Amino acid sequence: MQKTLKSCPFCGADMQIIDKRQQWLDDLDVTQYFIVCDATRGGCGASSGAHLSEEKAIYAWNQRS
């Protein structure tokens, strides 16, 4: 699966980060992955949405254009 992140489809920034969050859903410890255009480094804050693997988050991010 693809590991390279495309630039942001909204602002064109190459400042994406992979955000990994742990949370409890229905008594299960779930890790969710997001690709985020880092607003603290000049990006716009756009996100791929929540995905259950890093690869799926990258795929979703790269499909938006």
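What follows is a look at the confidence, core, charge pairs and a few individual residues of this predicted model.

The structure is a prediction, so local features need pLDDT of at least 70 and side-chain atom pairs count only at pLDDT 80 or more, while totals for chains, interfaces and linings use all residues. Residues are numbered from 1 along each chain as its sequence is written, and side-chain values use heavy atoms, with hydrogens and water left out.

Confidence comes first. The protein chain has a mean pLDDT (the predictor's confidence in each residue, from 0 to 100) of 85, and 94% of its residues reach 70 or more. Helices (H or I, at least four residues) and strands (E, at least two) are DSSP runs, numbered from the N terminus. Among these elements, helix 1 (residues 54-63) has the highest mean pLDDT, at 90, and strand 1 (residues 16-25) the lowest, at 78.

Next, the core. A nonpolar core is taken as a set of buried Ala, Val, Leu, Ile, Met, Phe, Trp, Tyr and Cys residues joined through side-chain atoms within 4.5 Å. For accessibility, buried means under 20% relative accessible area, exposed over 50%, and partly exposed in between (1.4 Å probe, protein chains only). The largest nonpolar core has nine residues: Cys8, Ala13, Tyr33, Ile35, Cys37, Ala46, Ala57, Ile58 and Trp61. Strand 2 (28-37) and helix 1 each supply at least two residues of this core. Nonpolar side chains do tend to be buried together in soluble globular proteins. One core member, Ala57, is in contact (heavy atoms within 4.5 Å) with Tyr33, Phe34, Ile35, Ser48 and His51, leaving aside neighbours within four places in sequence.

Phe34 is worth a stop of its own. This residue lies in strand 2 and counts as buried, at 10% relative accessibility. With residues up to four places away in sequence left out, Phe34 touches Ile17, Ile18, Asp19, Arg21, Ser47, Ser48, Gly49, Ala50 and Ala57. The charged end of Arg21 sits over the Phe34 ring, 4.1 Å from its centre; the rule here asks for NZ of Lys or CZ of Arg within 6 Å of the ring centre and within 35 degrees of the ring normal. Between Phe34 and Ala46, twelve residues apart along the chain, the C-alpha separation is 10.0 Å.

Arg21 also turns up among the charge pairs. With a salt bridge defined as a side-chain nitrogen of Lys or Arg within 4 Å of a carboxyl oxygen of Asp or Glu, the count comes to two. One joins Asp19 to Arg21, with the closest N and O atoms 2.8 Å apart. Both partners are partly exposed: Asp19 has 22% relative accessibility and Arg21 has 38%. The other links Arg41 and Asp38 at 2.9 Å, N to O. Here Arg41 is partly exposed at 44%, whereas Asp38 counts as buried at 11%.

Finally, helix 1 holds both Tyr59 and Ala60. Tyr59 is partly exposed, with a relative accessible area of 45%, while Ala60 is buried at 18%. Ala60 and Ser7, 53 residues apart in sequence, are separated by 13 Å, C-alpha to C-alpha.
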